[in-house]
Amino acid sequence: MADLAAFIAGLPKAELHIHIEGSLEPELMFALARRNGVDIPFASVEELRAAYDFSNLQDFLDIYYQGAAVLRTEEDFRDLALAYFDRAAADAVVHAEIFFDPQTHTDRGIPFGTVMAGLLAGMDEARERHGMSAKLILCFLRHLDEAAAFETLRQAEPWLDRIEAVGLDSSELGHPPEKFARVFAAAGERGLKRVAHAGEEGPPDYVRQALDLLHIDRLDHGNRALEDPALVERLARGEMTLTVCPLSNLKLRGIGDMADHPIDRMLEAGLRATINSDDPAYFGGYVNANYRAVAEARGLGREALATLARNSFLGAFLDEEERAAHLARLDAYVAGEKAGR
Ligand code: ADE
Ligand code: ZN
């Protein structure tokens with residue numbers, strides 16, 4: 001495994017499923033709370049980490065939204081983003097497409113523009129420090145209503161040239177994709193790409209709705225699609241990218257044990273699966289920890305790991321020239337590793 005861990009460490013990759021608010025480490029949360037005079041209902045970093053024991057998605061979301069309350073200023077969002085980019089660069093992430101949840105902030109009176117300016121400043125600094133590229137995906141909170149999503153899209157209007165896509169996250173069960181069909185259509189008319197969390201806790205029908213009603217370009221999670229062979233076939237034939245998050249699946253109890261993770265079944269079914277961290281500060285690891293976890297638990301070798309990294313570039317919203325350059329660097333890395341063995 002030491003050998004495989006070193007291979008993963010240097011493997012160039014894109015990360016396509018990371019909630020920037022989910023990268024808020026307890027230490028930064030306490031520092032921002034102090035800086036902004038915000039109260040945290042935990043006495044210490046240790047006490048907070050001990051509370052990260054979840055039975056399901058909602059359990060996690062309750063604590064995740066509470067944590068995000070320390071984020072108030074442009075500088076806070078910049079510091080948050082940069083902390084993620086520094087950590088991701090250390091995992092050989094060369095391109096990241098990050099989710100942000102504007103409603104979590106605008107509902108607390110933080111202007112949309114404050115969030116955007118901070119995140120964009122972090123992205124600019126990441127390019128300078130690490131040569132890393134990044135894109136933003138604006139997620140609508142699905143537990144809120146359609147009108148609130150439309151209002152968020154309206155607030156995004158001045159920033160649309162800096163936003164790549166819209167997404168859909170938060171509490172899945174009881175909030176099917178169909179609820180957001182019209183706002184996703186409006187986003188599409190504005191030239192935005194579309195992604196959605198579906199099949200994390202929700203049934204295969206939610207994945208079908210995301211395809212048929214939201215016209216998604218990428219599927220976030222998608223695990224429960226495996227319950228429906230015809231749907232798997234459709235996703236494989238359509239070369240749909242799935243952004244799979246193994247440590248998240250374990251922490252939110254989609255699986256009981258990493259040994260039960262379906263990542264190799266997904267690859268064998270011809271699905272374009274990728275590996276991602278989701279909310280690394282809450283789930284116990286950044287992207288390479290997710291690669292290592294499935295490699296160890298499911299016995300993945302270098303070839304499968306390279307396929308997962310290759311899929312991350314195939315599924316990224318890059319232009320074709322950038323994509324080809326990333327794929328060439330990946331191929332060179334894999335060939336060099338083979339020659340060096
Ligand atoms: N928001 C942050 N992480 C999420 C997840 N894993 N599922 C749905 N919404 C989220
Ligand atoms: Zn997610």
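**Cavity**

My rule for a cavity: on a 1 Å grid over the protein atoms alone, a set of points where a 1.4 Å probe fits but cannot get out, with lining residues having an atom within 4 Å of a point. Points are joined across faces, edges and corners, and the volume is the space filled by probe spheres set on them. The largest cavity holds about 90 Å³.

This is a predicted model, so noted: local features need pLDDT of at least 70, side-chain atom pairs count only at pLDDT 80 or more, and totals for chains, interfaces and linings use all residues. Residues are numbered from 1 along each chain as its sequence is written, chains are lettered from A and ligands numbered from 1 in written order, and side-chain values use heavy atoms, with hydrogens and water left out.

I listed 15 lining residues for the largest cavity, with His19, Leu57, Phe60, Leu61 and His197 nearest its centre. Helix 4 (residues 57-67) gives the largest share of that lining, 5 residues. Helices here are DSSP runs of H or I, at least four residues, and strands are E runs of at least two, numbered from the N terminus.

**Helix 5**

I checked the length of helix 5 (residues 74-90): 17 residues at 1.5 Å each should span 24 Å, and the end C-alpha atoms are 25 Å apart, which agrees. The expected span is 1.5 Å times one less than the number of residues. Its buried residues include Phe77, Leu80, Tyr84 and Ala88; buried means under 20% relative accessible area (1.4 Å probe, protein chains only). They pack against strand 1 (13-19) and helix 7 (112-130), among others. Just after helix 5, Ala92 has a positive phi of about 60°.

**Cores**

I found 110 residues in the largest nonpolar core, with Phe100, Tyr282 and Leu305 making the most contacts inside it. A core is a set of buried Ala, Val, Leu, Ile, Met, Phe, Trp, Tyr and Cys residues joined through side-chain atoms within 4.5 Å. Helix 7 supplies the largest share of this core, 7 residues. Another core, of 6 residues, lies apart from it and includes Phe99 and Ala165.

**Ala165**

Buried or exposed, I asked of Ala165? Ala165 is buried, at 0% relative accessible area. I placed Ala165 in strand 4 (residues 165-169). Ala165 touches Leu136, Ile137 and Phe317, among others, leaving out residues up to four places away in sequence; contact means heavy atoms within 4.5 Å.

Notes
On a 1 Å grid over the protein atoms alone, a cavity is a set of points where a 1.4 Å probe fits but cannot get out, and a pocket is an open set with protein on both sides within 12 Å along at least five of seven lines; lining residues have an atom within 4 Å of a point. Buried means under 20% relative accessible area, exposed over 50%, partly exposed in between (1.4 Å probe, protein chains only).
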